[in-house]
Amino acid sequence: MSLFFETGRAVALSLVLAFACDVAYADAIGGSWRFATGDDGLATASLHATNKLITGGGALSYSPVLTIACRAAGEPRWTEWLQLNDAVSAGSKITMSVTVDGGGKFNESWSVGSRGRLLMRDGADGIKRLVPASRLLLSWRFGLLSGRGQADFDLAGLDEAVAQIAGSCNTDPP
């Protein structure tokens, strides 16, 4: 009988430790930025959305990726883009609804690129407004009849990410 309780206690402890390690790992990667520097002098910091978009008739889901970037060659040029797995049905521009820190929603015009799976906005002003923010919500239409997409981002560490890529571009953060 004692062996039964000791075995049960060991299994329970193992489950608790496995769960705790899994939660700690999820927290460590959940709000983390991924950095890259290309041969062309493009320095980027990317972050996955906290929510998932459903694709493939509901069979698959994915998190959109927000990337901020600056180009070191010549005058540094700041850009932000949203990478999607599903293409939007739009021409060269799309209206993006933007909400920063739960404040008022406003609309911006973003460019559509890379077969409709990349939504982009150039300029340091967009990144500058995000630096003090903690949350970003982006919303867009996939097409006339396709519904809306939405990406929610926890911007923890954005100020450090912007500082790091600005250093790679030898420029001041916006």
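Okay, let's start with the cysteines: Cys 70 and Cys 169 form a disulfide, with 1.8 Å between their sulfur atoms. The cut-off for calling a disulfide is a pair of cysteine sulfur atoms within 2.5 Å. Before I go on, this is a predicted model, so local features need pLDDT of at least 70 and side-chain atom pairs count only at pLDDT 80 or more, while totals for chains, interfaces and linings use all residues. Residues are numbered from 1 along each chain as its sequence is written, and side-chain values use heavy atoms, with hydrogens and water left out.

Back to the disulfide. How many does a search of the whole structure find? It finds 1. What does that link tie together? Cys 70 sits in strand 5 (residues 65-71) and Cys 169 in the segment after helix 3 (158-168), so the pair joins parts that are 99 residues apart in sequence. Helices (H or I, at least four residues) and strands (E, at least two) are DSSP runs here, numbered from the N terminus. The link of Cys 70 and Cys 169 is right-handed, with 110° about the S-S bond. Both Cys 70 and Cys 169 are buried; buried means under 20% relative accessible area, exposed over 50%, and partly exposed in between, with a 1.4 Å probe and protein chains only.

We have an open sheet of 9 strands in the order 1-2-5-6-9-8-7-10-11, with antiparallel pairing. Two strands pair if DSSP finds at least two bridges between them. At the edges are strand 1 (34-37) and strand 11 (147-154), each pairing on one side only. From one strand to the next, the twist averages 30°. Axes are lines fitted to C-alpha atoms, for helices over the stretch in contact, and angles run from 0 to 180 degrees between N-to-C directions.

Helix 3 packs on this sheet, touching strand 1, strand 2 (42-48), strand 5 and strand 6, and its direction makes about 35° with that of strand 5. Contact means heavy atoms within 4.5 Å. Strand 5 and strand 6 (residues 77-83) run antiparallel, joined by 7 bridges, and Ile 68 stands opposite Glu 80 in strand 6.

Last stop, Trp 140, in strand 10 (residues 135-143). Is Trp 140 buried or exposed? Its relative accessibility is 0%, so Trp 140 counts as buried. The C-alpha atoms of Trp 140 and Ile 94 are separated by 7.6 Å, although the two residues are 46 apart along the chain.

That's my tour, thanks.
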